[in-house]
Amino acid sequence: MTIHMRKTIGAAAGLFSAVFLVSWSFRPLSTVVQAEPAPPWGRSAPAIESRSPGMIVARSRRAVPRGPAGKPSQPPPASAQEQLPPRVPFTAAEDAAAGIPGMPDARFWADSKTDFKNALPKQKGPWLILSSGGEDGAFGAGFFNGLTAAGKRLDYAVVTGVSTGALMAPFIFAGPHYDDALRRAYTHITAADVFEAGGTGESFVNSWPLRDLIAKEVTPALLRDIAAQYRRGRRLFVVTTNLDAERSVVWNMGAIAAHGGEAALGLFHSVLLASSSVPGAFPPVLINVAASGKRFQEMHVDGGVGGQFFVAPAALMASTNNYRLPATQLYVVVNTALGRDFAVVERFAPSILTQSVDMAVKADTRVMLDRAYVVAKRSGVPFFVAAIPAGFHAPSKGPFDPKYMGALFEVGLEQGRGPVPFSAAPPPYPGGSASPSSHLDEKTGAKQ
């Protein structure tokens with residue numbers, strides 16, 4: 001049977017990507033397309049692991065078993081993998097009161113109306129909302145490069161990011177002088193820069209390469225620039241999902257950066273990794289917290305589990321609430337293709353799940369866009385949205401195909417520097433027949 005790989009994963013994938021990884025991991029090793037060599041800038045940092053308090057520190061890279069002729073051998077079966085240590089038990093009440101040691105202002109629950117209002121800037125200004133979308137974040141990266149080229153970049157008072165939106169948010173928040181770093185991050189990476197095949201006991205693949213990449217690109221200098229903008233009154237929020245509590249968490253990244261030092265840098269890295277850790281596909285990130293003198297670890301995963309983007313607590317966004325956003329404009333950049341993709345689905349569980357979750361993510365994104373639009377109108381705030389054009393169709397040869405991401409970057413670049421980069425209303429719902437999938441990968445030629 002010819003193997004198809006559908007819906008490639010991204011640097012901070014949406015939920016559909018987890019299903020893709022499940023499908024990808026079922027493939028025999030002989031059928032997997034070899035990734036292109038990683039560029040030097042993506043592999044010079046040491047491998048890293050999470051340590052307290054929410055820190056990432058260096059460790060030695062584990063040896064890869066070698067087979068005949070020096071080729072990597074297959075990973076050991078799950079039974080041979082190292083047993084994961086048990087977690088320290090804690091209660092819901094303890095978790096509700098937990099915080100980051102030494103950084104009481106680092107975060108708040110995404111459903112807390114009071115904490116959300118207290119964390120906002122004192123002065124009104126434009127808000128920027130960055131969605132999930134995996135490797136399709138190349139669109140957003142190109143889009144902001146285009147806005148800069150056209151002289152249309154704003155100083156956003158609030159920037160929020162989820163999943164791939166979380167990874168690009170620090171660079172966008174820090175200013176246009178980071179545009180080149182943003183471009184590199186979405187046009188030069190390959191699958192080898194993001195994950196390694198082989199389960200961990202918590203996931204189908206290992207994400208230590210992504211940890212490396214975050215550690216290299218998110219530097220102390222970048223944190224200093226973010227801290228400076230925070231002190232000016234601007235706010236950068238990144239969302240993760242606390243899987244233990246089944247609640248989204250908003251991290252005040254500017255406040256974390258303002259603390260400075262290794263602890264702040266490590267926590268910053270951990271949050272970005274967590275927001276992009278697709279549950280089941282990538283390992284979760286355990287973040288050390290404390291409550292009433294007790295220390296324990298929370299399990300955090302992709303922020304997209306709780307919603308494809310974040311504007312405000314759900315209760316404030318509800319149609320039954322009269323809350324008005326304290327913003328001058330609301331901008332939303334959608335890093336997800338919203339059109340329907342036609343594909344004859346194989347009678348194979350991962351393929352069925354992929355198509356189903358893909359459809360669900362699009363539906364969720366559209367509902368959230370509609371809610372954001374309504375809230376903006378209720379607040380008397382102009383609404384603007386940029387999304388991947390419906391006409392974009394480019395093949396992808398697999399996860400993190402640089403040619404695919406480069407093509408999408410160029411689409412975003414052209415839209416950003418065009419005369420009308422944003423629309424004043426959500427994209428219309430598709431009608432009629434679906435288009436052939438823009439993410440259907442080329443056949444590998446391998447058969448089984």
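This is a predicted model: local features need pLDDT of at least 70, side-chain atom pairs count only at pLDDT 80 or more; totals for chains, interfaces and linings use all residues.
Student: Which helices each supply at least two residues of the lining of the largest cavity?

Tutor: The structure holds one cavity of 30 Å³ or more, and the volume of the largest cavity is about 160 Å³. Of the 14 residues in its lining, those closest to the centre are Leu 167, Phe 171, Ala 185, Leu 213 and Glu 217. The helices that each contribute at least two lining residues are α5, α6 and α7 (208-217).

Student: How are α5 and α6 oriented to each other, roughly parallel or roughly antiparallel?

Tutor: The axes of helix α5 (residues 164-174) and helix α6 (residues 179-187) come within 9 Å, and they cross at roughly 155 degrees. Angles over 145 degrees count as roughly antiparallel, and the relation of α5 to α6 is therefore roughly antiparallel.

Student: How many residues of the contact of α5 with α6 are nonpolar?

Tutor: In the right-handed crossing in which α5 passes α6, the contact is made on the α5 side by Thr 164, Leu 167, Met 168, Phe 171 and Ile 172, and on the α6 side by Ala 181, Leu 182 and Tyr 186. Among these residues of the contact there is one polar and no charged, while the number of nonpolar residues is seven.

Notes
Residues are numbered from 1 along each chain as its sequence is written. Side-chain values use heavy atoms; hydrogens and water are left out. Axes are lines fitted to C-alpha atoms, for helices over the stretch in contact, and angles run from 0 to 180 degrees between N-to-C directions. Helices (H or I, at least four residues) and strands (E, at least two) are DSSP runs, numbered from the N terminus. Angles under 35 degrees count as roughly parallel, over 145 as roughly antiparallel, 65 to 115 as roughly perpendicular and the rest as oblique. A crossing is left-handed if the near helix is turned anticlockwise from the far one by less than a right angle, and right-handed if clockwise. Contact means heavy atoms within 4.5 Å. Ala, Val, Leu, Ile, Met, Phe, Trp, Tyr, Cys and Pro count as nonpolar, Asp, Glu, Lys and Arg as charged, and the others, Gly among them, as polar. On a 1 Å grid over the protein atoms alone, a cavity is a set of points where a 1.4 Å probe fits but cannot get out, and a pocket is an open set with protein on both sides within 12 Å along at least five of seven lines; lining residues have an atom within 4 Å of a point. Grid points are joined across faces, edges and corners, and a volume is the space filled by probe spheres set on the points.
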